[in-house]
Amino acid sequence: MAPHYQATTLIASPSYPNAITWSSENLVAVASGHIVTILNPAALDGPRGLVVLVPSNPFPIGAVNREDLFEPCLVPTCLSRDTEPCARSVSWSQQGFAPNSGCLLAVCSGDGRVNLYRPPIFEFGDNWVKVADISQLLFNYYQIINFREDDGPISFPQEAANNEQAPQEKLNSEHGQDTGYAGELQEPLSCKVLGRRKRKPTRVESYVYDEDEDGVGASKDADFSPNPCSRLSKGFMKKIVKPVDEMAVVIGEGGLQNTKEALSCNGENKLVPLITAKQYACRNAHLFSLVVAWSPVSPSHDTTSHWCILAVGSKSGDVSFWKIHKPEYYTIDVGTVNRDPIFVGVLQAHNSWVCTMSWEVTCASSSKSSLLLATGCLDGSVKIWSGDMKGLNQCTDVKEVPFSLLAEVTTNSSAPVSSISLSAPAQPQDEVNLAIGRVSGSLETWKLDLCNNKIENSSACHAHDRVVTGLSWGFDGHSLYSCSQDNSARCWILEKNQLEEVPVYTNFPELKESTDLSVVSDRCFGLTLAPGELIIAVVRSLDPNMLDPMYQARTQKAVVEFIWIGGQFLGIALHKNIHISSQQSVMLSETNFLWWGSNILWSLKKYEKGETGLVLWDVIATLQVLKKSSPIFLETLLHNWVSDLFSDDQQRVSLDILYQSRNDMMSKVSSRKLHLLNIICRKVMLSDNAQYSPGGENSTSVSTDLWNNLLVSSERELRERLVAFTFAAVLNRLSYFQKGTCAENMWFPVGVAQMYSWLSMNNGKVHNQLKSLCSTIKGLQSRIASVCEYSVEESCTYCSASVHFESPDVALCGSGDPVTSPAERHKLSRCMASMRLSSVLQPVWYCVCCEGMVDKLVPGTFFTMTTSPLQVNHDDELLYSAPVVPLCPFCGILLQRLMPEFLLSVSPV
């Protein structure tokens, strides 16, 4: 692997902890100064995505008297001098929530604003597109409940629960109408700076300033009672009078107006209310967000939709929750299919700033899966909350926040919490690991017993000399990674309730950087783990004193370092069937080979379950390096993996038996395993680079034949499953029509005629069950057109010549007869899912692994089937009513729009 995979520089440096995050579609986002930089780890020198933060107008929460500006609660606001916002916290959603089934990015800026962004799949640019303003929605909610100042600190006023709409319902119903800011106000606070020379404050348009008795206000500060009037109408305004009760009154053409009755500022000549300093500080704390965190995907009960929760922590100690569903359909064409965030509620989690949060989903043996949230506070407290799945599913009707306190960490340390991480190991299922990093540099681990909700301290140590800026569990909770402002990144193994440090290094010379980045950097601001957990990414700020002041220090402020961790002990058991021969590479020891092999097999095993998307970039990249440096070890490792892939608990299948009876055995395994096999064959063992491929000088032709036959057999099995799934959907729709039942929500099959033609050409090579199903389809005759798309004739888009079915992958216009064929036969692509001709006028989905095109998406149940569709009940409605997903039928990876080389794209493999 080329060294450029190892590090890339940034034009701005992070300012806050936890400044980097890795998405489930293999994109890395870094909160670097006034921008958020989005990287593709497979092309660090290639194009990037950007989220440029711009200053936003403050919310019209109220105005205060000038004499209250020196109150202690307003000092932080008065002394704020940030000219432009800085990215404070970033978090990726899971796959499937963007219009193209990608990930949404939540960004919290330094001025406390939270926005959601999607990739620019329609715009063809590098700036990501804002799709929701969470802070504006939160302000709308607090306006409805008057900032909790009427009924105390509860989720919403009690009398609102008896009204026709609770604040949640009213807010969610009004969303879509109030998409802009409530007004055009500027910062409503200012004060004189003690010890400095007096100067005239800046006059801003749309403000009404307090004048002196002579009408000359040059020597006075602004009273900051904002009025959204234009500069022309401002001339008609009179001076602001302050009565004894300190209620500001505006005297103008309209007479007297009480500003407490003017709660909005929409260009209607209304004022914000006059409030006390304490009220302003409390309101500002409620709206000032500090951290964002997305939950894992949770399925809704009795529906086929899925949702996740966005948690937003604030200065007031509150955590607001926002529920977002997956889009109703996915598209890569111009269109808007985003679902609006649904407000769930506000939880009073702490009494001070919520600095960090972490989500986890547990599958306890005694109950169903539960959603856990850990929150860390500036006062040093840490709490774990449990989400009520039923309440979250019915969040529009809930009368209280569906989160309850599960456990609270009690410790003598009062150091603020800077980073936390939750992990739910597969075994035991009733335990959850919690890691806590503090400003003091200390690192603590805790174990939560879900049976009795008791939490115990398992270990504690002084891990770093400065603030812990990043934490992440890896390998099912066996290892823990941490980084700090002392410029160190460390790996820990939890053994017998003790944290043991293991070195973090890269074994392969091909993966080592020529420059030690810890020498030229001065601080670490966060780390994140790759989807395959074989790489960690650490963001560091560069020391300007170590850079060339002319060519480097001006443009290189930070660096993202990718560290390969698969060649070290990470807490999991070594694989017993990995045999190391003396002919292996001399660059690694036998122990390193065992660690690499065991960690790679563990990562591949994780993807066999089908619960997570197939994002194997770090695994494939590691295998490609092994193929170059240690081809014999790679052959041995993948032979063990293939044998385990087709083995069960009772018997292990040898490679010879698999080769002889591969067609029969492949019909018994899940579609996910076949997808994994196809990816390994295409991207590793049968790659285009002949020098390092198994057919090249480093391997034998026998090995090439093995992997080639496995790939052909696997793809044929998947194609037969796709045809059987489509034919079964046709019969299922027909049965619904015969019963008089509506089949509107059922998947509509297309390309049935082309699939029938393919079966006729391969009648002697397919399963007997598929032949029987094909005969049933043929017996439908004219009725088939009423339940599916059935069109035998196809024509060329370029010359309108007829196109005959010859291959499921490509087609040539004309019949091949030089008399009837056009002078130039056009080569056309066929959809891998339907075998129809792909559109050339509309954008189609593209697979970066097999480079195929998909025009018709397939329901998600096809990719999660544990066996062939020929062996399941075709009358199951859930098989064909599930939403379609943009996944490749033969690779299982996320499809995408084929982008130009100068624009950012994802690389799942």
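In which sense do S29 and strand S30 pair, and over how many bridges? The pairing of S29 with S30 (residues 489-495) is antiparallel and has five bridges. The model is predicted: local features need pLDDT of at least 70, side-chain atom pairs count only at pLDDT 80 or more, and totals for chains, interfaces and linings use all residues. Residues are numbered from 1 along each chain as its sequence is written, and side-chain values use heavy atoms, with hydrogens and water left out.

**View 1. The open sheet S28-S29-S30-S31.** Four strands form this open sheet in the order S28-S29-S30-S31, with antiparallel pairing. Strands are DSSP runs (E, at least two residues), as are helices (H or I, at least four residues), and both are numbered from the N terminus; two strands pair if DSSP finds at least two bridges between them. Strand S28 (468-474) and strand S31 (498-502) are at the edges with a single partner strand each, so one side of each has no neighbour in the sheet. On average, neighbouring strands of this sheet are turned by 30° against each other, direction ignored. Ser 482 is opposite Arg 490 in S30.

View 2. Ser 479 belongs to strand S29 (residues 479-484). Its relative accessible area is 0%, and Ser 479 is therefore buried (under 20% relative accessible area; exposed is over 50% and partly exposed in between, with a 1.4 Å probe and protein chains only). Apart from neighbours within four places in sequence, the residues in contact with Ser 479 (heavy atoms within 4.5 Å) are Ser 472, Trp 473, Gly 474, Cys 491, Trp 492, Ile 493 and Leu 570.

**View 3. His 462 in strand S27.** Strand S27 (residues 454-462) contains His 462. His 462 has 54% relative accessibility and so counts as exposed. Not counting residues up to four places away in sequence, His 462 touches Ser 440, Gly 441 and Ser 442.

**View 4. Strands S15 and S17.** In strand S15 (residues 289-294), six of six residues are buried. S15 and strand S17 (residues 306-314) run antiparallel and are joined by five bridges. Trp 294 has Leu 310 as its bridge partner in S17.

**View 5. Packing of H11 on H14.** Helix H11 (residues 631-645) and helix H14 (residues 671-685) cross at roughly 165°, and their axes come within 11 Å. Axes are lines fitted to C-alpha atoms, for helices over the stretch in contact, and angles run from 0 to 180 degrees between N-to-C directions. H11 and H14 are therefore roughly antiparallel (over 145 degrees; under 35 is roughly parallel, 65 to 115 roughly perpendicular and the rest oblique). From H11, Leu 634, Glu 635, Leu 638, Trp 641, Val 642 and Leu 645 meet Lys 673, Leu 676, Leu 677, Ile 680, Val 684 and Met 685 of H14.

**View 6. Packing of H16 on H17.** Helix H16 (residues 752-761) and helix H17 (residues 768-778) pack at an angle of about 135°, their axes being 11 Å apart. H16 and H17 are therefore oblique to each other. Val 752, Tyr 756 and Leu 759 of H16 make the contact with Leu 770, Cys 774, Ile 777 and Lys 778 of H17.
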